[in-house]
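User: I'm new to reading protein models. Could you walk me through this one, feature by feature?

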Amino acid sequence: RYLEAERTWGLLNAPILNNHPVVYLSAEFGLHESLPIYSGGLGVLAGDHLKSASDLGVPLIGIGLFYAQGYFNQRLNREGWQTESYQLTKDNPLPLQRAMDNRGQPLMVSVQTLDSEIKIGVWTIQVGRNRLVLLDSDIRGNSHADRLLTSTLYGGDHSIRIRQELLLGVGGMRAIRAMGINPGVIHLNEGHTVFALLEEAKYLMIRENRSFWEVAEKVARMTVFTTHTPVPAGHDRFAPELVENTLGHLRKSLELSEHDFLSLGRINPGNHQEDFCLTVLGLKMSRSRNGVSAIHGHVSRRMWQELWPNTQLANIPIGHITNGIHVASWLAPEMSRLYDRCLRTRWQDLLCYRETWEAVVNIDTEEFWEVRQLIKVHLVSYLARQLAHQEQRRGEAGGHKWDYHLSPGVLTVGFARRFATYKRANLLFSDMDRLDRIINSSDRPMQVIFAGKAHPADDQGKHLVKRIFEASKDPRFLGKIVFLEDYDINVARHLVQGVDIWLNTPQRPLEACGTSGEKVVMNGGLNLAILDGWWAEAYDGTNGFAIGDGTEHSDTERQAQLDAAALYDTLENQVAPLYYARDSNGVPTAWVERQKRAIQSLAWRFNADRMVMEYTLGCYLPAVGGLSCSLPELRLAPHTCPHLPQA
């Protein structure tokens, strides 16, 4: 029924995309834990984008790399130091198929550098109505080094990274052309993908017999560029010699001099010492540019304002579309059944309508609390098994009875994300004595679950992991602070569904969005977070908790001190008292009211259906030459969607 539905939102609102679909390029895609070609939020966002586009009937084809060993498996040794291992993804049964050419043979494309030709195999995965195309360089005839290009995600040095990005951008566009796909929109998910624009320009130059500069504007009009990185160091930059060695063949086919080609990736084209920046290329060769939250849009305008030197900051042409989540992928079955009973018919098709979620406030308080406790019991049981396995593997003497320490009756805080230093995973440990008083309170105890990976080359991130591991072994916190290894979609699913509070402590304004907290909301949990990313748009004083008031101090150490003090104060004087204030039936009624308020006020805004609708109406339709309209107009006229009941 899902696949055969003929009247979808996309068909009604963006029919032009049927003949000229969106191609969505990303260095990682997080669809499911069985396909580990993602590392964190960027990949999970890409997977959710692809799924919601399918739900809405928006024709969109994902393009990524098929990493033979995926991202690494994380283990901590007995000292708490992160170690990495890899396994062959190809050894597992996966829902992939080889793409075939018109002769029934496996489809092959290739890309050229100055010193080699790299053959690329093409795989496809069906994601609902849409497809994900994955590229594979582990092909007989390639050099050993080139065969390893698609072995691991974000591994290796600059020379490996730029060749991976050549495969993704140029190889990806060649693959879809070879598959007979004529894209109308190119959506670039971060700078790793921008070489696709050069390949598209080359294609148009040949087809239209025009110069690069004549087709460049046409490529820009059909391009949507989304940046996710608010930290300057997170944007790929390459030395001119490496760029020429890798892209020199493509440069010559574009009939560009080395200077003109390198100028495309330089803020100051006259500075011959400036490295080639992929984000600069993406910003220059696109006409629709966006960050992934309102604050991130502002940060991006400030970061890249040198590209528009005569333009006021507010008028820099970088907007924002706040990320959302694919609800069905993250919703606990128990919450889904509760919504089935209490919300309007076919609520899953009406996620973006405020009216859909108004009935949440009418759900019986005791029933809501009982469902949430059941999910939490599942989480505690899962944690007991995983933590016991971790201890056994490390050979730690004695083996703790974790299930006696972790309790579904205790206020449970979750913190799980990539262990970059600006995310400040150690902020909770700024004052260990005060943390001891909070966690070991006689009448308001707390337990904290940590998970997350540091990049293999990030020793600072690994020290953060070790710091948390050491805290978990402190006798004061044994079994009350725990670290769950090998963070992936499966671990994330358990945590966002079961915790009471989701903690997020980035250094403002460096959190691009932070969609993990959105997943918690859909499952009835509450957020305790710095007012950054999506939470700065979401928090209204009644639907969760804020750390601080959103102000920023010029001294980062002083800012950390202020934020830590605010964190302890909020935990001790707001979160814990509200959670443990029970009625005669043992139900924290005020806490449950806040949980329901969070769902009612946030669920309709922070889902991926809304996000994809915004991209479609505001970016994809103008890019393909169709008429655009705003999402508010759509919300005011839900009857224009014939596959949905009247709002």
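**Starting with one residue**

Analyst: A contact means heavy atoms within 4.5 Å. Leaving out residues up to four places away in sequence, Thr 152 touches Tyr 67, Gln 69, Gly 70, Tyr 86 and Gln 164. This is a predicted model, where local features need pLDDT of at least 70, side-chain atom pairs count only at pLDDT 80 or more, and totals for chains, interfaces and linings use all residues. Residues are numbered from 1 along each chain as its sequence is written, and side-chain values use heavy atoms, with hydrogens and water left out.

User: Where does Thr 152 sit, and is Thr 152 buried or exposed?

Analyst: Helices (H or I, at least four residues) and strands (E, at least two) are DSSP runs, numbered from the N terminus. Thr 152 is in the loop between helix H3 (144–147) and helix H4 (158–178). Buried means under 20% relative accessible area, exposed over 50%, and partly exposed in between, using a 1.4 Å probe and protein chains only. Thr 152 has 14% relative accessibility, so it counts as buried.

User: And what about Val 224, in which strand does it lie?

Analyst: Val 224 belongs to strand E10 (residues 223–226). Its relative accessible area is 0%, so it is buried.

User: How do I read a whole helix, say H10?

Analyst: Count its covered residues. H10 (residues 294–303) has 7 of its 10 residues buried, among them Ile 295, Val 299 and Met 303. The buried residues of H10 pack against strand E13 (288–291), strand E14 (319–320) and helix H20 (533–538).

User: Now zoom out. How many helices and strands are in the protein chain?

Analyst: There are 24 helices and 20 strands. The radius of gyration, taken over C-alpha atoms, can be checked against the globule rule, 2.2 Å times the number of residues to the power 0.38. For the protein chain it is 25 Å, close to the 26 Å that the rule gives for 647 residues, so the chain is as compact as a globular protein of that length.

User: What share of the residues is buried?

Analyst: Buried residues make up 61% of the 647. And among contacts between residues at least 6 apart in sequence, 73% join residues at least 24 apart.
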